[in-house]
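My entries follow in the order in which I made them.

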Amino acid sequence: MPEPKNQHTILKTDNLTIGYQTKKTQTIVASNITIALKKGELIGLVGGNGIGKSTLLKTLTKVHEPLHGAISINEKPLQDYSNLELAKTLSLVLTEPITAKNLTVFELVALGRQPYTNWVGNLSQPDLEIITKAIIQTNIEALQHKKCFELSDGQLQKVMIARALAQDTDLIILDEPTSHLDMYHKVYILKLLRKLTKETGKTILFSSHEIDLAIQLCDSMIVMSKDSIINDTPCHLIEKGAFSKLFPEDMIVFDEKTGSFRVKK
């Protein structure tokens, strides 16, 4: 009997250790990481500054080599994926500024089809239909002929999400998609990501400092602290006291009744 749709595991790690390796030294950032990301879920990765969120994302996307342990996507070891196979399975949205701001929005979204056109090929009719669908799903039809340098940070983030959708992968990973945005646009982007998981069945993992919003909107979360890395639903994480360990309690405390942080008076 097949697994229920929401039980299929897209990505999992087993006893993963992340960090940096040079010829002489090994720097461990985090260890004993065992997580499982399910199909069609929105997953928030949270933790304090410098805890290793970006290092974890770079390791999960084959930018960094793991120091120890295993990573698999769709039950296939990550190291067995070629770059082209990985580009058809996983799309990545980073915080780095884009270099091609002279492109139109449509052209930037169309770059998501590169894994299917051998990087230089022309767009087919099915490619154009997928690009148009991604533009509609992210509600940027009115922007598609604008140059990227004309866009606000919030608009550009929607375009980058549309490009990831056009890449048509099972898994989308975003590194701090709400940084530099005001509160309205932080909520807008995270609600858009939640809507997309429900509409497309894709798994979306994002890192964020917006812990309160992630608790409200995510299906599951990965909480990184100095002592542990826990992957569970927001309700179970609250019950386990996972959020109380994120910051020193002399300044800020987590209120389990409201599911949010408050300044300690």
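**Entry 1: Gln-157.** I looked up what Gln-157 touches, leaving aside its neighbours within four places in sequence, and found Val-93, Pro-177 and Ile-189. Contact here means heavy atoms within 4.5 Å. Gln-157 is found in helix H5. I noted that helices (H or I, at least four residues) and strands (E, at least two) are DSSP runs, numbered from the N terminus. Is Gln-157 buried or exposed? Gln-157 is buried, as its relative accessible area is 13%. The cut-offs are under 20% relative accessible area for buried, over 50% for exposed, and partly exposed in between, with a 1.4 Å probe and protein chains only.

I wrote down the basis before going on. The model is predicted, so local features need pLDDT of at least 70 and side-chain atom pairs count only at pLDDT 80 or more, while totals for chains, interfaces and linings use all residues. Residues are numbered from 1 along each chain as its sequence is written, and side-chain values use heavy atoms, with hydrogens and water left out.

**Entry 2: the sheet of six strands.** I traced an open sheet with the strand order E7-E8-E9-E4-E10-E11 and mixed pairing. Its edge strands are E7 (90-93) and E11 (229-232), each of which pairs on one side only. Neighbouring strands of this sheet are turned by 15° against each other on average, with direction ignored. For the angles, axes are lines fitted to C-alpha atoms, for helices over the stretch in contact, and angles run from 0 to 180 degrees between N-to-C directions.

Strand E8 (residues 171-175) runs parallel to strand E9 (residues 203-207), and five bridges join them. Two strands pair if DSSP finds at least two bridges between them. Which residue of E9 is the bridge partner of Ile-172? The partner is Ile-204.

Next I checked the helices on this sheet. Helix H5 (residues 153-166) packs on the sheet and touches E7 and E8, with its direction at about 165° to that of E7. Helix H6 (residues 183-200) also packs on the sheet; H6 touches strand E4 (42-47), E8 and E9, and its direction makes about 160° with that of E9.

**Entry 3: H4 against H5.** I looked at the axes of helix H4 (residues 125-137) and H5, which come within 8 Å and cross at roughly 140°. H4 is therefore oblique to H5. By the cut-offs, angles under 35 degrees are roughly parallel, over 145 roughly antiparallel, 65 to 115 roughly perpendicular, and the rest oblique. I listed the residues that make the contact: Ile-130, Ile-131, Ala-134 and Gln-137 from H4, and Ala-162, Leu-165 and Ala-166 from H5. They divide into six nonpolar, one polar and no charged. In this count Ala, Val, Leu, Ile, Met, Phe, Trp, Tyr, Cys and Pro are nonpolar, Asp, Glu, Lys and Arg are charged, and the others, Gly among them, are polar. An α-helix has 3.6 residues a turn, so residues three or four places apart point the same way.

Entry 4: Helix H1 (residues 53-60) is mostly covered, with six of its eight residues buried. I recorded these as Lys-53, Thr-55, Leu-56, Leu-57, Thr-59 and Leu-60. Just after H1, Lys-62 has a positive phi of about 70°.

His-64 is in the loop between H1 and strand E5 (68-73). Its contacts, leaving aside neighbours within four places in sequence, are Tyr-20, Thr-55, Lys-58 and Thr-59. I also took the C-alpha separation of His-64 and Arg-194, which is 28 Å for 130 residues along the chain.

Pro-66 lies in the loop between H1 and E5. Pro-66 is partly exposed, with a relative accessible area of 30%. Leaving aside neighbours within four places in sequence, Pro-66 is in contact with Leu-16, Thr-17, Thr-59 and Ile-71. The C-alpha atoms of Pro-66 and Thr-55 are 9.8 Å apart, and the two residues are 11 residues apart along the chain.

**Entry 5: the pairings of E1.** I followed strand E1 (residues 9-21) to strand E3 (residues 36-38), where the pairing is antiparallel over three bridges. Lys-12 has Ala-36 as its bridge partner in E3. E1 and E5 also run antiparallel, joined by five bridges. In E5, Lys-12 is partnered by Ser-72. With strand E2 (residues 26-33), E1 pairs in the antiparallel sense over five bridges, and the two form a hairpin with four residues between them. Leu-16 has Ile-33 as its bridge partner in E2.
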